[in-house]
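Have a look at the model first.

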Amino acid sequence: MTDTVEARTSNMQTSSALPPEETERLGSDIVAALKTVFDPEIPADIYELGLIYKVDIKDDRTVEVDMTLTTPNCPAAAELPITVENAVASVPGVGVVTVNIVWEPPWTPERMTDEARLVLNMW
């Protein structure tokens, strides 16, 4: 019985109620909005720092963001998620935004992009 269920679900296709070009536009605009958010103590945006783990755009245009902080004791821990929520919510066409702080996997400097490494002189 298990094999039959697995076979049926493996043949299922998922689709979005949003047209692909709209999903792409929203994704690009959300990333651009995230790149406007900076950790107050680090001169690089949170996207390039690798603090954004997931952005999930739902069919009803709600957006769920999983992000982390450089450390659990980050002084910006209270304000950064609100700033992220406001930035993403400012994108035209986005509905309700939820920001989740996650700690797994833990953030490490290896998550930074080359752009962030250049700004922080971490080569």
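## How the two helices pack

Keep in mind that this is a predicted model. Start with helix H2, residues 20-34, which packs against helix H3, residues 80-89. Their axes sit 8 Å apart, at an angle of about 140 degrees. Anything over 145 degrees would count as roughly antiparallel, so H2 and H3 come out as oblique to each other. As for handedness, H2 and H3 make a right-handed crossing.

Which residues do the touching? From H2 you get Ile30, Ala33 and Leu34, and across from them in H3 are Val84, Ala87 and Val88. Sorted by class, that contact of H2 with H3 has six nonpolar residues, with no polar and no charged ones.

## A glutamate in the loop

Now hop over to Glu48, in the loop between H2 and strand S1 (52-57). Is Glu48 buried or exposed? Its relative accessible area is 6%, and the cut-off for buried is under 20%, so Glu48 counts as buried.

## What Glu48 holds on to

One is with the side chain of Lys35, at 2.8 Å. Another is with the side chain of Thr113, at 2.3 Å.

Leaving aside residues up to four places away in sequence, Glu48 touches Lys35, Arg111, Met112, Thr113, Glu115 and Ala116.

Key
Residues numbered from 1 in each chain as written. Predicted model: local features only at pLDDT ≥ 70, side-chain atom pairs only at ≥ 80, totals over all residues. Heavy atoms only, no water. Axes fitted to C-alpha atoms, helices over the stretch in contact; angles between N-to-C directions. Helix = DSSP H or I, 4+ residues; strand = E, 2+ residues; numbered from the N terminus. Parallel < 35°, antiparallel > 145°, perpendicular 65-115°, else oblique. Left-handed = near helix turned anticlockwise from the far one by under 90°. Contact = heavy atoms within 4.5 Å. Nonpolar A, V, L, I, M, F, W, Y, C, P; charged D, E, K, R; others polar. Buried < 20%, exposed > 50% of the residue type's maximum accessible area, 1.4 Å probe, protein only. Polar contact = N/O pair within 3.5 Å; in protein donor to acceptor, adjacent residues only side chain to side chain.
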